[in-house]
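Thanks for coming, everyone. I would like to walk you through one model this morning, beginning with the overall picture and then going down to a few individual elements.

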Amino acid sequence: MSRKTVYGIFDDEEVLLNSVKEIKSNNIDIKEVYTPFPVHGLDKALGLKETRMAIAAFVYGCLGITFAGLMIYNIMIIDWPMNIGGKPNFTFYHNVPSFVPVMFECTVLFAAHLMSITYLIKCGLFPGAKSENPDPRTTDDKFLIEFELEGSTKKVKDLLSKTGASEINEK
Amino acid sequence: MQKESEIRDPLILGKKSYHDITLDVSKPVEGKANKYWWILFSISFIMFIWGVLSMAYTIGTGIGSWGLNKTVNWAWDITNFVWWIGIGHAGTLISAVLLLFRQKWRMSINRSAEAMTIFGVAQAALFPLIHMGRPWLAYWVFPIPNQFGSLWVNFNSPLLWDVFAISTYFSVSVVFWYIGLIPDFAMLRDRFNEKTAPMKKKLYSFLSFGWSGKAKHWQRFEEVSLVLAGLATPLVFSVHSIVSMDFATSVIPGWHTTIFPPYFVLGALFSGFAMVETLLIIMRKVVNMEAYITIKHIEYMNIIILLTGSLVGTAYITELFMAWYSGVEYEQYAFLNRATGPYWWAYAIMMTCNVLTPQLYWINSIRKSFIATFILSIFVNIGMWFERFVIIVTSLHRDFLPSSWSMFSPSIIDIGIYLGTIGFFFVLFLLYARTFPVIAQAELKTIVKSSGSEYKNKNNE
Amino acid sequence: MTKTKKYWKGLAELNNDPIVEKLAQNEFTEEIPVDEFLGDSGLANSSTSRRDFLKFLGFSTAAATLAACETPVNKVIPYVVKPEETVPGIANYYASTIYDGHDFASVLVKTREGRPIKLESNKTCTNARVQASVLSLYDSARLRNPMKDGKDSDWKTVDTDITSKLNEIKNNGGNIALLTSTIISPTTEKLISDFSEKYGNVKHIQMDALSSHGMLEANLETFGVRALPNYNFDKADVIVSFGADFIGNWGHPNNESDYSKGRNPKNGKMSKHFQVESTLTLTGSNADERIQIKPSEQAGLLSNLYNALNGSSTLDKRIAKIVDSLIEAKTSIVVCNSNDKEVQLLVNAINNKLGNYGSTIDMQKTSYLRKGNDKDVSNLVDDINSGKIDALITYNVNPSYNLVNADEFNKGLGKVDLKISTSLYMDETAINMDYVCPDNHNLESWGDANPSNGEYTLMQPTINPLFNGRQFQDSLLSWIGSSEEYYNLLKNSYSSWEEKLHDGYFEGEQVNHSLTSNFSAPSFSIPSSKGIEFEISEKISMGDGSNSNNPWLQELPDPLSRACWDNYLTMSASTARDLGIKNWHVSNGALNGSKVNITVNSKTLENVPVLIQPGQAVGSVAMAVGYGRTNAGKCGTGVGHNAFTFVNGGKADISIIEGEHEFAGVQLHHTMMGRDIVKETTLADFINDPSSGNHREKYYTHDGLKTSDQVTLWDKHDHQTGHFWNQSIDLTLCTGCAACVISCHAENNVPVVGKEEVRKSRDMHWLRIDRYFSSEMTKERSAEEKISAIDMYSEMEDPSENPEVVFQPVMCQHCNNAPCETVCPVAATTHSAEGLNHMTYNRCVGTRYCANNCPYKVRRFNWFQYSDNDKFDYNMNDDYGKMVLNPDVVVRSRGVIEKCSMCIQMIQEIKLKAKTNGVSVKDEDVQTACSSACSTGAMIFGDSNDSSHEIYNLKNDPRKYDLLDHLNVAPSVFYQTKVRNKS
Amino acid sequence: MVSLTNLKLRVLFLSVLCFLSFNSVAQSEGEQIFKSVCAACHSIGEGKLIGPDAKEWMTSERFTSTEDPEGTLIKYVQNPAAFGVIEMPAQALSADEIKAVLNYINEYVPEEKPVAVSSDLSEEEEDNAISNIYIYIIVLLLLIFILTSVKNSLKESLSQPTETVLESVKNYITINRNKIIIGFILFVSIMYLVYNLMMGVGVVEKYQPDQPIAFSHEIHAGLNGVDCNYCHSSAKNSAHSGVPSANVCMNCHAVVKGGDDEAKNEIGKIWKSFGLDIETDDFDWNKVDTYTQTPIEWVRVHNLPDHAYFNHAQHVTVGGLECQQCHGNMQEKTVGQVATAEELNKIDYNIKDGIEFDHPTLTMGWCIDCHRQKEVNMEENDYYTEMHKNLKEKHGTEEGFTVDMIGGLECGKCHY
């Protein structure tokens, strides 16, 4: 049993998009598409699920504001209450206007950083990671569809050339 | 594919294919620096060294080496701090707010504007540090658990809000910038050959985090960019609001003003855009980006400057009105003293540079001229520096008790530190221009077809 | 002094054990082991910090820096044999006396670990100079050894030489002159007569740097007694002073407290005070009415006044009010600063006419603080020049500096065979002498004093002599050839010695003067002179210049000009305008001024700076004495110009020259700018309504008009439990004498920063006395005359030429809603339940935000490291000077904010004492450094939660107001309105 | 022999007396005197210390052989030199005082000693350390497990071959053996250094510097039961506890010269500070002033920074703390040492007061621990009456007012 990898390289994102739609309609599995920039509609064409990054960010933000609130409550009210400028520092409720800025900043801090970290982890991006694009030109001006096929590759190759691939390689 | 109205001017000039953009963006990184770069870099580096020496002297002998006194305890230090922070704001505005508004013209300038933000905020962050009497204890401003039982920070203090605001702003800006940089680093990585340039290959491989441009990654990338923009937008407004609260929450006449938060944010955008113009007009020459940074970009920014400048002017007038209308003699005197007291000249410079000269942008030819824009942007930078100087020094030097009234004049160290940060900023920026993809090429490639002049012409035919 | 003073605080009081009392006699037979560290090879060559020094003595606190990370190995060195009275960490108090020939005070000396660190008032007021004299003890410029021909020598050599020479002179029938300051010590007087007896032709001449010769002579003629009278300013309804600065520098130190006793509006009655003078003095600035005259007009006006009192109708308009008041008043006092016998005779006649002798002026309880005889002194100078004097011994005087004819004196000195100075310093006189036999400082000496008839005080050493000096009296004894010690001599002169020594003050036998009443009234006319007249003045800080090397005093701003480290010609604005003389501010705000050459009586001073001083009479100029020392030491030498040259005054010839002078002023704006800072009322209004002048602004709210303190969003903190420390400052009683400022310096280790830093407005005073002049421009006038706000404010900046003056001591107000606390990011400044604003130096990172946000600008930043820094070569950088530091108060490092702590170390100490004894804190026990130094009772400190404390009532006084009350910062320090007795 | 120095001695003793009288009101005069003066050398019924057992005094032949044994004893105590022996220094006590002491000795009933708490710290500490290590290991294993599964699921999503923990570890180790070993050693040593550096800052627990004299608190305060305040006499009324001056040492060591050479050598150093040789010279109180005195340079053990103001009197006299509550069982140690917080937590007094320290000794947190927990005794001190009333109203409780409630956490109470 031999697995074969087929690459179809395109010059233009519109051609690529048509090709992907065509391939999908033929029920052929596309392993991956590499593009130099985000191509609008590609995710839908490939049938990718919607990403949940925004939801993650919201959760992280909630975490941030809770953390900040608890931290300030503990520090200013519980652990070492002090009379600072005669301000009403003995209950959180009365003193909360003073705490809004820090709580807000912590919300943003947590949401932004944790989301970015999640993004990097989910995408497997980290310093020193090996890149996986099969052709270096995919970061320049080429669009690449990768197939991993068992058996005959002809059908795919034909489809690719029909839909306007400028290069078709097999490995 | 997106289409754009034809009446809009093209944002990319000349016949640029995707590959051309790649070539143009990677050219500064691959090629050798031209002589403009070297001249600018040498000047900046000398200033930077001067600044470093001045700071070292300050830390070695004490804040007494500055021109401060018992009445004016902040002057150039905090003026510079607010100025730099304000400059930073335009970068975030361009990359975040304009992203939310889907303004395509931001794409060729956002990378550099953000770099400016980060370098500007880095300069700004220096000042709260070195203005401390004992900077080696600066870590005390963070709520770190300790052996003191435990001794904490004061969450009522606007300076502490600053600590949180600035560290959040700085780090979020860096993250936002870097997330956008990853695909571009990947592009650079793929341009270098393992054999001919192994070091650069390794460097950019490391920096690109193994980016490969997969469809799913692009999907997440776009969402992350959007959410980060959504977070950065309120952040950028909050940061300068909080900086303004350093003054607004105090009791000093001239500081204690509820108008400060919006006024400071507008001022920040105003000065930020001016600095972006100053930098980009230089940069498009130094790294040959004329095709991407067009007069159209400049014009858009000029319109924003005109708008924010007029708003800032309105704020100045409002302040005067409020002082008069309040009926508080201390408040009235503070503003009278600003305009007619010993520092009237600073007030006059502020008014001229911030309110009057930007009005020239009503004139079409000035708005569309690189040279005029460059000169006027410098004016705005100067004016906005004086705005902070006026707010800080003239409010402090004559406050409640006349017995304590005093004056301020800077020492050579004050000047050295200020010029040093300018030098440092340009050193960073020039290094950036030679090593980083100065234009967000991946993003830019998405609009070549809609906004490139080549395609536009084609469509028009 | 509203609070009862107690003697002998501290340990001895604690254990009132007879054994302790007995031991007290022997307390100085113990060697306190300071010699170990103070020998020339010890401290002088080492670079020990203050704290290291304390570690030598053991027991005190550790590392020198605020934040030391590593743990250094610290040594503790206990005494080998510990003196019983010394308990490390506990202060002892000894009653003693300070007298330097110019200032006299009966004091309590606070010592810690055997070092005197602070002086407090015992029976007399202590002025700023007395307060500061504790620092002069540790002056490293003091002579270490007796000197022979300018070289270090030893006592044996010097004594042998001197005795043999004196005997030689005696055998040859030569003349010996003993030139001393006024001697108020009866035992010393006896010693001097013994000395005269031994050596035959000894002339004892007493001189005063600023003499009262005229008055003494006049009293001799009128009453037959050559002494100064005792004035009861508290009993006078009307006080008229012709130039006499009796609050500041003239007469008995208790004048100030007496004066303010008669000025307390609480009694519904205040004396009416007129001051007729040309130079603005401290007294003049406190007067209800001040009349500016030229110096030459003084005698004529007095004459005019005398005639008017006798019914003459040719009355000078300027003094019409004075005459009316004097005639109306039951009791009055007229004083005059003239040194002219004839003028003083006239003053005596006026007082006699007014019936003041016996009622307000006491010629029985005469003051002996000035005995100097100008005629003797000028005869001496003549004698010296004609070679009639063979030996000259000086004590407590510096004639080469402060004689008007110092040049002549110096020239003649070559003709004197044996010249001996007993100065503590190698000063202007000592440097011309063959032998210098350094005296000991007051705090190292035994002594007694008879400041006025029937009053005695004793002086006792509170530290072993720091250097190899010897008391003048012991020197005399050894030259007489006696083996007696002065201490024994002294002790044997008084019965129940211990008790008297313990109290430091006692009333002794009062000589009954048999007075004549030989009044005469010489007549003078007012000369119609044009041109500028000169007179000398005396600064509260520098006095006659003997304390010139004291950095505290040098940096103490003059209460009126607010300039320090300088003397200058004061001149009115219009005179300056006529002469083309200017004062201007440079870019950092510091004041610069023109320089002139001035010639008076054919003597010239060159390069004299001119300061435009409101209140200086038009056509007159003045200059303070005590400056221009050439051999004072590192702080005093070369500061200012020597005005003793012009001590007699006269017509001045002034020519403006090139160049500008740099002044060091701590206050650059002199008017209140129409603001409600010092609230004022008049006596008549006050009697009608005690809260008059104390208007508090009300603001519109949803339920009516309210004052700022009633409009608040916040719940108040509990300040009812425990103590609530408050300080009240009565602006009516405050005379601006600045004793509190020096007291604060001494108690709280406030650094001295030097002229350059003061010029940069970086003075470190925790307590300052703001002085405001009235301006011709007022809000009312601008409203009436429709003057624009811009013009109004710019004119308001200029003070009047004859201004009303107010003094306002401002220290940290300890706001209970403190703006400074809120803004500190690291919570380095927080509030205590006791109403104090705590400044935690070690937590401070130095953002200075608090200082910016302080509406009173009382926070001070340590711009540099002021201790252990060669650039600030004052007391904190000197191994000796460091010994004056208060070990209970930390020395602040650079980069931190410091400010008034309301003397929290004293509060804590007194609380601890109360807790140990299980009693509540008593009103008379709680003091701050400033309130304890205040002799007028203007500053009252206490616990306002305790109704037995005086402050409790003052807090509810209708005169009480908070400074800048519209801010509602709720200060713990409050003021009482100033009441003037004017119509 | 009523000389100046003797007088001073007397005062010194009397003042010690005074301090002791603060300590416990119930003590009889005789007890006070005995504890302050005699207890240094004599025990009651516990055998010979330096001098004979007090119970045996009156049975001594020296006194029983005379007509008035008590009177003779009194004379002896006041001036032993008159008896031609210098076994003990002359004591400045009146006849009445000595009689009171004798009374006390006669009526003395030995107290029951509290059972000593085991001070064997090392074993327990080890136990703690081991259990801690187990926890760390478990956490680390858990982490490895979680991370591997994360890695595997990631790999799965990329449809790469997955590997189990063991496999991957094995693979990795075989490939990078050297790197791992070097890296591990480096990492551990760096972390160890950094950790030590960080935790060492400002922490001075167990600091016990060498002293110029090998002084033993165990012998003095422990075996001989000398009251702490006898030597550290100013602790009761001054900020500083004070290091005794050499004359205090000589009160005993003028006579007690040490049993063996080593002891004699150390005691000789005190003599040396008077310029005397313990072997050859005699010590005469009357001649103290003539001796060449050189102070003994002790090394400070408890070093508070300059900016922290601490007052012994406040804590000892007003607060009623025992020395051991902060200094540990000094009577079981040799030269001065900073006690550890664990040690202090085992002190009975601290347990009774409910004080438990969480922070290392002499850090600010340590002070604060106590200020948060120690209750102030307000009942017996009139100073607190008004404050107590207000506090009861404010908190609605009758007691339990800790130091922090009366401002014990305010910065300015210790920093000025």
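Predicted model: local features only at pLDDT ≥ 70, side-chain atom pairs only at ≥ 80, totals over all residues.

Among contacts in chain C between residues at least 6 apart in sequence, what percentage join residues at least 24 apart? The figure is 74%, where two residues count as being in contact if their C-beta atoms, placed from the backbone, lie within 7 Å.

Residues are numbered from 1 along each chain as its sequence is written, and chains are lettered from A and ligands numbered from 1 in the order in which they are written.

Let me stay with chain C, which has 31 helices and 43 strands; these are DSSP runs numbered from the N terminus, with helices being H or I of at least four residues and strands being E of at least two. The radius of gyration of chain C is 28 Å, close to the 30 Å that the globule rule gives for 983 residues, so chain C is as compact as a globular protein of that length. That radius is taken over C-alpha atoms, and the rule is 2.2 Å times the number of residues to the power 0.38. Of the 983 residues in chain C, 63% are buried, meaning that 20 or more other C-beta atoms lie within 10 Å of the residue's own, with 12 or fewer making a residue exposed, anything in between partly exposed, and the C-beta atoms placed from the backbone.

Returning to C:Ala128, and leaving aside its neighbours within four places in sequence, its contacts include C:Ile540, C:Leu556 and C:Ala738.

Next, please look at strand 3 of chain C, residues 104-112, where nine of its nine residues are buried. C:Phe104, C:Ser106, C:Leu108, C:Lys110 and C:Arg112 point one way from this strand, and C:Ala105, C:Val107, C:Val109 and C:Thr111 the other way. Strand 3 of chain C runs antiparallel to strand 2 (residues 92-99) of chain C, joined by eight bridges, with C:Tyr93 partnered by C:Lys110. The hairpin of these two strands has four residues between them, and C:Gly101 there takes a positive phi near 95°. On to strand 4 of chain C, residues 115-121, which is joined to strand 3 of chain C by six bridges, also antiparallel, and in which C:Glu120 is the bridge partner of C:Leu108. That hairpin has two residues between its strands, and C:Glu113 in the turn has a positive phi of about 45°. Strands are said to pair if DSSP finds at least two bridges between them.

Finally, a residue in chain B: is B:Ile130 buried or partly exposed? B:Ile130, in helix 4 (residues 110-130) of chain B, is partly exposed, because 19 other C-beta atoms lie within 10 Å.
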